Amino acid sequence: MLNGTDIDFLASVLNSLICRTPFFLEISDAAADASLKHLLSFVPSHRYLLVAGAVPKWARYMEGQPRVLPSEDPQELAEAIDSSLKEERVGSRPIQFVYFGAGPEVYRSVLRPLPRGWIATTNDIDSIVKDLPSDLSHYLTRGLEDVKAVHIGERPNDLGFEEDFLKRIKGTRTTALSFLIQKKFSEMHLAGAAIRRDLEESAGTMTMADLEDQFELDEPTATTMFELVRAEHGVDIQRYLVLPGPNVVGIVDKIARLDHAIAVAAVEDGTVLCMRRLRYSELELSRISRHMARLYDQVHLESATGTGYHMTATFPNGSNIVVVRGGKTTYLVFLTREAKTALSLSEVRTLVRG
Amino acid sequence: MAPNQKDFDTIISKLDEVQEVRGCIIVSQDGEVVASKLDRGLDEEKLVAMSKDMVGTFGKLKTECNFESPEMVVIEGDSGKVAALSVASDTGYIFLLGKPDMSLGMIKMTIKVAIEKAQ
(Lines give C-alpha, C1' and ligand atoms only; values in the text may rest on other atoms or scores of the structure.)
Protein backbone atom coordinates (compact mmCIF):
# COMPACT_ATOMS: atom_id res chain seq x y z
CA MET A 1 0.00 0.00 0.00
CA LEU A 2 1.53 3.31 -1.08
CA ASN A 3 1.30 6.38 1.12
CA GLY A 4 1.31 10.00 -0.07
CA THR A 5 5.12 10.31 0.05
CA ASP A 6 5.54 7.08 -1.92
CA ILE A 7 3.08 8.30 -4.55
CA ASP A 8 4.99 11.59 -4.93
CA PHE A 9 8.27 9.68 -5.16
CA LEU A 10 7.03 7.08 -7.64
CA ALA A 11 5.28 9.76 -9.73
CA SER A 12 8.70 11.41 -10.24
CA VAL A 13 10.28 8.05 -11.08
CA LEU A 14 7.55 7.25 -13.60
CA ASN A 15 7.84 10.71 -15.12
CA SER A 16 11.60 10.27 -15.49
CA LEU A 17 11.04 6.87 -17.12
CA ILE A 18 8.48 8.35 -19.53
CA CYS A 19 10.58 11.42 -20.39
CA ARG A 20 13.79 9.40 -20.10
CA THR A 21 15.23 11.89 -17.66
CA PRO A 22 18.40 10.38 -16.19
CA PHE A 23 18.34 9.68 -12.46
CA PHE A 24 20.39 8.27 -9.60
CA LEU A 25 18.97 5.96 -6.98
CA GLU A 26 20.38 5.47 -3.51
CA ILE A 27 19.02 2.54 -1.57
CA SER A 28 20.87 2.07 1.67
CA ASP A 29 18.72 -0.12 3.89
CA ALA A 30 18.97 -3.85 4.35
CA ALA A 31 16.25 -4.50 1.81
CA ALA A 32 18.18 -2.61 -0.88
CA ASP A 33 18.00 -5.35 -3.47
CA ALA A 34 14.27 -5.85 -3.03
CA SER A 35 13.57 -2.11 -3.36
CA LEU A 36 15.82 -1.79 -6.38
CA LYS A 37 14.33 -4.84 -8.05
CA HIS A 38 10.90 -3.36 -7.47
CA LEU A 39 11.85 0.01 -8.96
CA LEU A 40 13.63 -1.49 -11.94
CA SER A 41 10.58 -3.63 -12.66
CA PHE A 42 8.95 -0.36 -13.78
CA VAL A 43 11.41 0.14 -16.66
CA PRO A 44 9.23 -0.10 -19.80
CA SER A 45 9.56 -3.64 -21.07
CA HIS A 46 9.66 -2.55 -24.71
CA ARG A 47 13.04 -0.89 -24.11
CA TYR A 48 16.28 -2.73 -24.76
CA LEU A 49 17.85 -3.04 -21.32
CA LEU A 50 21.62 -2.50 -21.13
CA VAL A 51 23.39 -2.90 -17.80
CA ALA A 52 26.94 -2.22 -16.63
CA GLY A 53 28.99 -1.66 -13.48
CA ALA A 54 28.75 -3.94 -10.45
CA VAL A 55 25.79 -5.82 -11.89
CA PRO A 56 24.18 -8.01 -9.19
CA LYS A 57 23.40 -11.55 -10.15
CA TRP A 58 19.64 -11.06 -9.98
CA ALA A 59 19.88 -8.14 -12.41
CA ARG A 60 21.22 -10.45 -15.11
CA TYR A 61 17.94 -12.35 -14.97
CA MET A 62 15.58 -9.39 -14.97
CA GLU A 63 12.58 -9.35 -17.30
CA GLY A 64 13.72 -8.19 -20.70
CA GLN A 65 16.98 -10.18 -20.56
CA PRO A 66 19.43 -7.33 -20.13
CA ARG A 67 22.65 -7.22 -22.04
CA VAL A 68 25.62 -6.81 -19.73
CA LEU A 69 28.19 -4.41 -21.13
CA PRO A 70 31.87 -4.46 -20.13
CA SER A 71 32.66 -1.56 -17.81
CA GLU A 72 36.45 -1.62 -17.73
CA ASP A 73 36.90 1.13 -20.27
CA PRO A 74 34.56 4.02 -19.37
CA GLN A 75 35.10 5.83 -22.66
CA GLU A 76 34.28 2.75 -24.68
CA LEU A 77 31.18 2.17 -22.58
CA ALA A 78 30.02 5.77 -23.01
CA GLU A 79 30.55 5.55 -26.76
CA ALA A 80 28.59 2.28 -27.00
CA ILE A 81 25.61 3.77 -25.15
CA ASP A 82 25.80 7.01 -27.07
CA SER A 83 25.77 5.13 -30.35
CA SER A 84 22.69 3.12 -29.23
CA LEU A 85 20.94 6.36 -28.33
CA LYS A 86 21.71 7.74 -31.79
CA GLU A 87 20.36 4.60 -33.43
CA GLU A 88 17.02 5.11 -31.69
CA ARG A 89 16.55 8.20 -33.81
CA VAL A 90 16.69 6.14 -36.97
CA GLY A 91 14.21 3.49 -35.89
CA SER A 92 16.05 1.17 -33.50
CA ARG A 93 14.40 -0.03 -30.34
CA PRO A 94 14.80 2.51 -27.52
CA ILE A 95 17.30 1.56 -24.86
CA GLN A 96 17.35 1.85 -21.09
CA PHE A 97 20.81 1.90 -19.58
CA VAL A 98 21.28 0.94 -15.91
CA TYR A 99 24.66 1.43 -14.23
CA PHE A 100 25.07 -0.34 -10.89
CA GLY A 101 27.28 1.25 -8.26
CA ALA A 102 28.16 4.57 -9.82
CA GLY A 103 30.34 7.16 -8.09
CA PRO A 104 31.27 10.69 -9.15
CA GLU A 105 34.02 9.37 -11.42
CA VAL A 106 31.61 7.13 -13.38
CA TYR A 107 29.20 10.01 -13.64
CA ARG A 108 31.88 12.26 -15.13
CA SER A 109 33.33 9.71 -17.53
CA VAL A 110 30.33 7.60 -18.60
CA LEU A 111 26.96 9.07 -17.66
CA ARG A 112 27.31 12.81 -17.95
CA PRO A 113 27.72 12.87 -21.76
CA LEU A 114 24.59 10.73 -22.20
CA PRO A 115 21.59 13.00 -22.65
CA ARG A 116 18.82 10.59 -21.71
CA GLY A 117 17.73 7.08 -20.85
CA TRP A 118 19.97 6.08 -17.95
CA ILE A 119 19.52 5.11 -14.32
CA ALA A 120 22.47 4.72 -11.96
CA THR A 121 22.49 3.22 -8.52
CA THR A 122 24.85 4.64 -5.93
CA ASN A 123 25.75 4.21 -2.27
CA ASP A 124 26.45 7.88 -1.76
CA ILE A 125 24.03 10.20 -3.48
CA ASP A 126 25.34 13.22 -1.53
CA SER A 127 28.78 12.93 -3.15
CA ILE A 128 27.11 12.69 -6.53
CA VAL A 129 25.02 15.80 -5.89
CA LYS A 130 28.11 17.71 -4.66
CA ASP A 131 29.91 16.77 -7.82
CA LEU A 132 27.16 17.84 -10.24
CA PRO A 133 28.01 20.94 -12.28
CA SER A 134 26.58 24.03 -10.58
CA ASP A 135 24.54 25.01 -13.64
CA LEU A 136 22.94 21.56 -14.00
CA SER A 137 19.28 21.42 -12.98
CA HIS A 138 18.42 18.55 -10.69
CA TYR A 139 15.97 17.69 -7.94
CA LEU A 140 15.85 15.22 -5.09
CA THR A 141 12.94 12.94 -4.21
CA ARG A 142 12.56 10.41 -1.45
CA GLY A 143 10.08 7.61 -0.75
CA LEU A 144 9.49 3.86 -0.22
CA GLU A 145 10.95 4.25 3.28
CA ASP A 146 14.61 4.85 2.52
CA VAL A 147 15.06 5.34 -1.19
CA LYS A 148 16.48 8.60 -2.52
CA ALA A 149 16.55 9.71 -6.14
CA VAL A 150 18.27 12.60 -7.85
CA HIS A 151 16.72 13.41 -11.21
CA ILE A 152 18.94 15.27 -13.67
CA GLY A 153 16.76 17.97 -15.21
CA GLU A 154 14.07 20.48 -14.33
CA ARG A 155 11.42 19.38 -11.86
CA PRO A 156 8.28 18.64 -13.96
CA ASN A 157 5.50 21.21 -13.58
CA ASP A 158 2.73 18.68 -13.76
CA LEU A 159 2.77 15.11 -12.48
CA GLY A 160 -1.03 14.85 -12.57
CA PHE A 161 -1.11 11.85 -14.90
CA GLU A 162 1.43 9.85 -12.88
CA GLU A 163 -0.14 10.77 -9.53
CA ASP A 164 -3.70 9.99 -10.65
CA PHE A 165 -2.57 6.67 -12.06
CA LEU A 166 -0.68 5.71 -8.88
CA LYS A 167 -3.58 6.78 -6.66
CA ARG A 168 -5.84 4.45 -8.61
CA ILE A 169 -3.55 1.46 -8.12
CA LYS A 170 -1.97 2.29 -4.75
CA GLY A 171 -3.77 -0.52 -2.92
CA THR A 172 -2.49 -3.31 -5.11
CA ARG A 173 0.31 -5.64 -4.07
CA THR A 174 3.86 -5.10 -5.35
CA THR A 175 3.69 -7.52 -8.27
CA ALA A 176 0.34 -6.16 -9.41
CA LEU A 177 1.71 -2.62 -9.20
CA SER A 178 4.57 -3.52 -11.57
CA PHE A 179 2.16 -5.28 -13.89
CA LEU A 180 -0.24 -2.33 -14.03
CA ILE A 181 2.61 0.13 -14.67
CA GLN A 182 4.00 -2.10 -17.43
CA LYS A 183 0.50 -2.44 -18.89
CA LYS A 184 0.16 1.33 -19.06
CA PHE A 185 3.61 1.72 -20.66
CA SER A 186 2.77 -1.00 -23.19
CA GLU A 187 -0.54 0.67 -24.01
CA MET A 188 1.24 3.94 -24.71
CA HIS A 189 4.09 2.30 -26.64
CA LEU A 190 1.78 0.23 -28.85
CA ALA A 191 -0.62 3.13 -29.44
CA GLY A 192 2.33 5.40 -30.29
CA ALA A 193 3.65 2.87 -32.83
CA ALA A 194 0.20 2.41 -34.42
CA ILE A 195 -0.43 6.15 -34.60
CA ARG A 196 2.96 6.78 -36.18
CA ARG A 197 2.19 4.09 -38.77
CA ASP A 198 -1.23 5.59 -39.35
CA LEU A 199 0.23 9.06 -39.87
CA GLU A 200 2.85 7.69 -42.27
CA GLU A 201 0.31 5.78 -44.32
CA SER A 202 -2.49 8.32 -44.56
CA ALA A 203 -2.38 12.00 -45.25
CA GLY A 204 -5.58 12.52 -43.26
CA THR A 205 -5.88 14.41 -40.05
CA MET A 206 -6.29 12.90 -36.61
CA THR A 207 -7.91 14.40 -33.56
CA MET A 208 -7.87 13.65 -29.86
CA ALA A 209 -11.39 12.23 -30.36
CA ASP A 210 -10.02 9.76 -32.93
CA LEU A 211 -7.41 8.66 -30.43
CA GLU A 212 -10.14 8.06 -27.89
CA ASP A 213 -12.46 6.28 -30.30
CA GLN A 214 -10.06 4.28 -32.41
CA PHE A 215 -7.18 3.65 -30.02
CA GLU A 216 -9.22 3.71 -26.81
CA LEU A 217 -6.82 6.20 -25.25
CA ASP A 218 -8.18 8.69 -22.78
CA GLU A 219 -6.87 12.23 -23.10
CA PRO A 220 -4.33 12.13 -20.20
CA THR A 221 -2.87 8.83 -21.49
CA ALA A 222 -2.71 10.23 -25.03
CA THR A 223 -0.92 13.36 -23.84
CA THR A 224 1.59 11.27 -21.88
CA MET A 225 2.00 8.96 -24.87
CA PHE A 226 3.12 11.98 -26.93
CA GLU A 227 5.86 12.56 -24.32
CA LEU A 228 6.93 8.92 -24.43
CA VAL A 229 7.17 8.86 -28.23
CA ARG A 230 9.04 12.18 -28.24
CA ALA A 231 11.52 10.89 -25.65
CA GLU A 232 12.05 7.52 -27.33
CA HIS A 233 12.05 8.42 -31.01
CA GLY A 234 12.50 12.17 -31.15
CA VAL A 235 9.20 12.47 -33.03
CA ASP A 236 6.54 14.94 -31.99
CA ILE A 237 3.30 13.30 -33.19
CA GLN A 238 1.22 15.90 -31.40
CA ARG A 239 2.14 18.28 -34.24
CA TYR A 240 0.19 16.09 -36.66
CA LEU A 241 -3.00 16.19 -34.66
CA VAL A 242 -5.77 18.70 -35.12
CA LEU A 243 -6.21 20.04 -31.62
CA PRO A 244 -9.02 22.28 -30.45
CA GLY A 245 -8.24 25.81 -29.38
CA PRO A 246 -8.22 26.62 -25.65
CA ASN A 247 -11.53 28.45 -26.04
CA VAL A 248 -13.26 25.31 -27.37
CA VAL A 249 -11.74 23.14 -24.63
CA GLY A 250 -12.82 25.69 -22.02
CA ILE A 251 -16.42 25.67 -23.25
CA VAL A 252 -16.51 21.86 -23.44
CA ASP A 253 -15.18 21.59 -19.88
CA LYS A 254 -17.75 24.05 -18.59
CA ILE A 255 -20.59 22.21 -20.35
CA ALA A 256 -19.30 18.93 -18.92
CA ARG A 257 -19.88 20.30 -15.43
CA LEU A 258 -23.62 20.78 -16.05
CA ASP A 259 -26.00 18.54 -14.16
CA HIS A 260 -27.33 15.63 -16.22
CA ALA A 261 -24.61 15.85 -18.89
CA ILE A 262 -23.56 12.38 -20.06
CA ALA A 263 -21.05 13.43 -22.69
CA VAL A 264 -19.97 16.51 -24.61
CA ALA A 265 -18.41 16.85 -28.05
CA ALA A 266 -17.17 19.77 -30.15
CA VAL A 267 -17.29 19.32 -33.94
CA GLU A 268 -15.78 21.55 -36.60
CA ASP A 269 -15.98 20.90 -40.36
CA GLY A 270 -17.09 17.33 -39.74
CA THR A 271 -14.17 16.63 -37.40
CA VAL A 272 -14.71 15.87 -33.73
CA LEU A 273 -12.14 18.09 -32.07
CA CYS A 274 -12.76 17.41 -28.43
CA MET A 275 -14.87 15.07 -26.32
CA ARG A 276 -15.64 14.63 -22.67
CA ARG A 277 -17.17 11.29 -21.84
CA LEU A 278 -18.65 11.50 -18.39
CA ARG A 279 -20.70 8.31 -18.30
CA TYR A 280 -21.48 5.40 -20.61
CA SER A 281 -18.10 4.70 -22.16
CA GLU A 282 -19.70 2.38 -24.71
CA LEU A 283 -21.43 5.31 -26.43
CA GLU A 284 -20.21 5.71 -30.02
CA LEU A 285 -19.75 9.35 -29.17
CA SER A 286 -17.55 10.49 -32.02
CA ARG A 287 -19.64 8.89 -34.75
CA ILE A 288 -22.98 10.01 -33.32
CA SER A 289 -21.62 13.54 -32.89
CA ARG A 290 -20.46 13.69 -36.50
CA HIS A 291 -23.89 12.56 -37.77
CA MET A 292 -25.78 14.95 -35.52
CA ALA A 293 -23.55 17.91 -36.40
CA ARG A 294 -24.00 17.17 -40.10
CA LEU A 295 -27.74 16.97 -39.62
CA TYR A 296 -27.72 20.30 -37.85
CA ASP A 297 -25.82 21.97 -40.70
CA GLN A 298 -28.03 20.38 -43.34
CA VAL A 299 -31.28 21.51 -41.77
CA HIS A 300 -30.08 25.04 -41.41
CA LEU A 301 -28.97 25.24 -45.02
CA GLU A 302 -32.11 23.71 -46.42
CA SER A 303 -34.82 25.30 -44.38
CA ALA A 304 -33.36 28.66 -43.41
CA THR A 305 -34.58 28.68 -39.85
CA GLY A 306 -32.69 31.91 -39.40
CA THR A 307 -29.70 32.74 -37.26
CA GLY A 308 -29.10 31.76 -33.65
CA TYR A 309 -30.63 28.35 -34.18
CA HIS A 310 -30.20 25.25 -32.04
CA MET A 311 -31.33 21.65 -32.15
CA THR A 312 -32.69 19.20 -29.61
CA ALA A 313 -33.23 15.51 -30.21
CA THR A 314 -35.26 13.32 -27.89
CA PHE A 315 -34.83 9.55 -27.91
CA PRO A 316 -37.31 6.80 -26.97
CA ASN A 317 -35.44 6.06 -23.72
CA GLY A 318 -35.95 9.68 -22.67
CA SER A 319 -32.37 10.87 -23.16
CA ASN A 320 -31.70 14.04 -25.14
CA ILE A 321 -29.04 15.60 -27.27
CA VAL A 322 -28.75 19.37 -27.37
CA VAL A 323 -26.84 20.92 -30.26
CA VAL A 324 -25.69 24.54 -30.26
CA ARG A 325 -23.35 26.36 -32.63
CA GLY A 326 -20.79 28.85 -31.40
CA GLY A 327 -18.63 30.43 -34.12
CA LYS A 328 -17.40 27.63 -36.40
CA THR A 329 -17.84 24.97 -33.74
CA THR A 330 -20.89 22.82 -33.10
CA TYR A 331 -21.27 21.66 -29.50
CA LEU A 332 -23.26 18.51 -28.75
CA VAL A 333 -24.39 17.69 -25.25
CA PHE A 334 -25.79 14.27 -24.39
CA LEU A 335 -28.18 14.51 -21.46
CA THR A 336 -29.79 12.01 -19.12
CA ARG A 337 -33.53 11.41 -19.19
CA GLU A 338 -33.86 13.39 -15.95
CA ALA A 339 -32.63 16.56 -17.63
CA LYS A 340 -35.02 19.41 -18.26
CA THR A 341 -34.17 19.96 -21.91
CA ALA A 342 -35.27 23.60 -22.10
CA LEU A 343 -33.22 24.49 -19.03
CA SER A 344 -30.16 22.58 -20.22
CA LEU A 345 -30.46 24.17 -23.65
CA SER A 346 -30.54 27.61 -22.12
CA GLU A 347 -27.47 26.82 -19.98
CA VAL A 348 -25.55 25.43 -22.94
CA ARG A 349 -26.47 28.43 -25.10
CA THR A 350 -25.22 30.78 -22.39
CA LEU A 351 -21.93 28.91 -22.10
CA VAL A 352 -21.39 28.69 -25.86
CA ARG A 353 -22.55 32.13 -26.89
CA GLY A 354 -21.70 34.03 -23.73
CA MET B 1 -51.86 -1.58 -36.75
CA ALA B 2 -49.50 0.59 -38.83
CA PRO B 3 -51.06 3.71 -40.39
CA ASN B 4 -51.95 3.53 -44.12
CA GLN B 5 -51.98 6.15 -46.88
CA LYS B 6 -55.45 7.36 -45.89
CA ASP B 7 -54.29 7.86 -42.30
CA PHE B 8 -51.30 9.86 -43.49
CA ASP B 9 -53.54 12.08 -45.64
CA THR B 10 -55.80 12.63 -42.62
CA ILE B 11 -52.85 13.57 -40.44
CA ILE B 12 -51.56 15.99 -43.09
CA SER B 13 -54.91 17.76 -43.45
CA LYS B 14 -55.34 18.02 -39.67
CA LEU B 15 -51.87 19.52 -39.31
CA ASP B 16 -52.58 21.91 -42.15
CA GLU B 17 -55.40 23.34 -40.05
CA VAL B 18 -52.92 24.44 -37.36
CA GLN B 19 -52.24 28.11 -37.96
CA GLU B 20 -48.52 28.14 -37.11
CA VAL B 21 -47.72 25.20 -39.39
CA ARG B 22 -46.36 26.25 -42.78
CA GLY B 23 -45.92 22.80 -44.20
CA CYS B 24 -45.53 19.14 -43.43
CA ILE B 25 -44.02 16.13 -45.12
CA ILE B 26 -44.34 12.50 -44.07
CA VAL B 27 -41.36 10.34 -44.99
CA SER B 28 -41.30 6.58 -44.52
CA GLN B 29 -38.42 4.81 -42.81
CA ASP B 30 -37.15 3.90 -46.32
CA GLY B 31 -36.93 7.57 -47.27
CA GLU B 32 -40.08 7.63 -49.44
CA VAL B 33 -42.36 10.68 -49.24
CA VAL B 34 -45.83 9.31 -48.47
CA ALA B 35 -47.70 12.61 -48.08
CA SER B 36 -46.91 16.31 -48.08
CA LYS B 37 -48.54 19.72 -47.98
CA LEU B 38 -46.51 22.91 -48.08
CA ASP B 39 -47.37 26.61 -48.11
CA ARG B 40 -46.66 28.51 -51.27
CA GLY B 41 -43.20 30.01 -51.23
CA LEU B 42 -41.59 26.96 -49.62
CA ASP B 43 -39.21 25.08 -51.85
CA GLU B 44 -40.72 21.60 -51.91
CA GLU B 45 -37.83 19.94 -53.67
CA LYS B 46 -35.32 21.23 -51.12
CA LEU B 47 -37.46 20.37 -48.15
CA VAL B 48 -38.16 16.86 -49.38
CA ALA B 49 -34.42 16.36 -49.90
CA MET B 50 -33.75 17.62 -46.39
CA SER B 51 -36.39 15.34 -44.90
CA LYS B 52 -35.05 12.29 -46.70
CA ASP B 53 -31.53 13.19 -45.62
CA MET B 54 -32.62 13.50 -42.00
CA VAL B 55 -34.35 10.11 -42.07
CA GLY B 56 -31.17 8.65 -43.55
CA THR B 57 -29.13 10.10 -40.68
CA PHE B 58 -31.62 8.82 -38.10
CA GLY B 59 -31.17 5.36 -39.61
CA LYS B 60 -27.38 5.66 -39.42
CA LEU B 61 -27.62 6.41 -35.72
CA LYS B 62 -29.19 3.00 -35.34
CA THR B 63 -27.16 0.97 -37.81
CA GLU B 64 -23.71 2.58 -37.53
CA CYS B 65 -23.70 3.86 -33.99
CA ASN B 66 -25.71 1.21 -32.17
CA PHE B 67 -27.90 4.05 -30.92
CA GLU B 68 -31.62 4.69 -31.13
CA SER B 69 -33.43 6.69 -33.79
CA PRO B 70 -34.78 9.87 -32.23
CA GLU B 71 -38.41 10.23 -31.28
CA MET B 72 -38.37 13.94 -31.95
CA VAL B 73 -35.86 16.41 -33.36
CA VAL B 74 -36.50 20.13 -33.17
CA ILE B 75 -34.44 22.87 -34.78
CA GLU B 76 -35.38 26.33 -33.65
CA GLY B 77 -34.15 29.55 -35.18
CA ASP B 78 -35.10 33.22 -35.15
CA SER B 79 -37.37 32.90 -38.16
CA GLY B 80 -38.81 29.42 -37.86
CA LYS B 81 -38.91 25.98 -36.48
CA VAL B 82 -38.37 22.55 -38.05
CA ALA B 83 -39.53 19.45 -36.22
CA ALA B 84 -39.25 15.79 -37.09
CA LEU B 85 -41.57 13.49 -35.14
CA SER B 86 -41.45 9.73 -35.25
CA VAL B 87 -44.74 8.18 -36.37
CA ALA B 88 -46.14 5.05 -34.76
CA SER B 89 -43.24 2.74 -34.00
CA ASP B 90 -40.66 3.26 -36.75
CA THR B 91 -43.17 3.77 -39.58
CA GLY B 92 -41.55 7.03 -40.55
CA TYR B 93 -41.25 10.68 -39.61
CA ILE B 94 -43.51 13.71 -39.90
CA PHE B 95 -41.55 16.83 -40.76
CA LEU B 96 -43.14 20.10 -39.81
CA LEU B 97 -42.09 23.56 -40.81
CA GLY B 98 -43.55 26.27 -38.73
CA LYS B 99 -43.39 29.74 -37.39
CA PRO B 100 -41.20 30.33 -34.32
CA ASP B 101 -44.27 30.10 -32.07
CA MET B 102 -45.40 26.68 -33.39
CA SER B 103 -46.40 24.65 -30.32
CA LEU B 104 -45.10 21.10 -30.52
CA GLY B 105 -47.32 19.98 -27.65
CA MET B 106 -50.39 20.93 -29.68
CA ILE B 107 -48.96 19.32 -32.79
CA LYS B 108 -48.30 16.05 -30.98
CA MET B 109 -51.85 16.08 -29.66
CA THR B 110 -53.23 16.74 -33.17
CA ILE B 111 -51.23 13.82 -34.59
CA LYS B 112 -52.31 11.51 -31.77
CA VAL B 113 -55.99 12.37 -32.24
CA ALA B 114 -55.70 12.02 -36.02
CA ILE B 115 -54.09 8.58 -35.71
CA GLU B 116 -56.67 7.44 -33.17
CA LYS B 117 -59.54 8.63 -35.39
CA ALA B 118 -58.04 6.96 -38.44
CA GLN B 119 -57.75 3.68 -36.58
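**Parallel pairing in chain A**

How many bridges join strand 2 of chain A to strand 3 of chain A, and in which sense do the two strands run? In this predicted model, strand 2 of chain A and strand 3 of chain A (residues 67–68) run parallel and are joined by two bridges. Within this pairing, A:Leu50 has A:Arg67 of strand 3 of chain A as its bridge partner.

Strand 2 of chain A (residues 48–53) is also joined to strand 4 of chain A (residues 95–100), again in the parallel sense, through six bridges.

**The seven-stranded sheet of chain A**

These strands belong to an open sheet of seven strands in chain A, ordered 3-2-4-5-1-7-6, in which the pairing is mixed.

Helix 1 (residues 4–19) of chain A touches strand 1, strand 4, strand 5, strand 6 and strand 7 (147–152) of chain A, and its direction makes about 135° with that of strand 6 of chain A. Helix 2 (residues 32–40) of chain A touches strand 1, strand 4, strand 5 and strand 7 of chain A, with a direction at about 150° to that of strand 1 of chain A.

An open sheet of ten strands includes strands of both chains, in the order 11(A)-10(A)-14(A)-13(A)-12(A)-3(B)-4(B)-5(B)-1(B)-2(B), with antiparallel pairing. Strand 11 (271–277) of chain A and strand 2 (33–38) of chain B form the edges; because each has a single partner strand, one side of each is left without a neighbour in the sheet. From one strand to the next, the twist averages 15°.

Within this sheet, strand 4 of chain B (residues 81–87) and strand 5 of chain B are paired in the antiparallel sense over seven bridges. The bridge partner of B:Lys81 in strand 5 of chain B is B:Gly98.

**Aromatic pairs**

Over all chains, the structure holds nine aromatic pairs. One of them joins A:Phe24 and A:Trp118: the ring centres are 5.2 Å apart and the planes lie at 75°, over the 60 degrees required, so the pair is edge-to-face. Because A:Phe24 lies in strand 1 (residues 23–27) of chain A and A:Trp118 in strand 5 (residues 118–122) of chain A, the pair ties together parts that are 94 residues apart in sequence. Both A:Phe24 and A:Trp118 are buried.

In chain B, B:Phe58 and B:Tyr93 form a tilted pair, at 4.6 Å centre to centre and 50° between the planes. This pair links distant parts of the chain, with B:Phe58 in helix 2 (residues 44–63) of chain B and B:Tyr93 in strand 5 (residues 92–98) of chain B, 35 residues apart. B:Phe58 is buried, as is B:Tyr93.

Ring pairs also link A:Tyr107 with A:Phe24 and A:Trp118 in a cluster.

**The interface between chains A and B**

Contacts between the chains involve 27 residues of chain A and 27 residues of chain B. The area buried between chain A and chain B is about 2500 Å², and carbon and sulfur atoms give 61% of this area.

One salt bridge is counted between chain A and chain B. The side chains of A:Arg294 and B:Asp53 meet in a salt bridge, with an N to O distance of 3.3 Å.

Methods
Residues numbered from 1 in each chain as written. Chains lettered and ligands numbered in written order. Predicted model: local features only at pLDDT ≥ 70, side-chain atom pairs only at ≥ 80, totals over all residues. Heavy atoms only, no water. Pairing = 2+ DSSP bridges. Helix = DSSP H or I, 4+ residues; strand = E, 2+ residues; numbered from the N terminus. Phe/Tyr/Trp six-rings, centres within 6.5 Å; stacked < 30°, edge-to-face > 60°. Buried < 20%, exposed > 50% of the residue type's maximum accessible area, 1.4 Å probe, protein only. Axes fitted to C-alpha atoms, helices over the stretch in contact; angles between N-to-C directions. Contact = heavy atoms within 4.5 Å. Buried area = accessible area lost by both parts, 1.4 Å probe. Salt bridge = Lys/Arg side-chain N within 4 Å of Asp/Glu carboxyl O.
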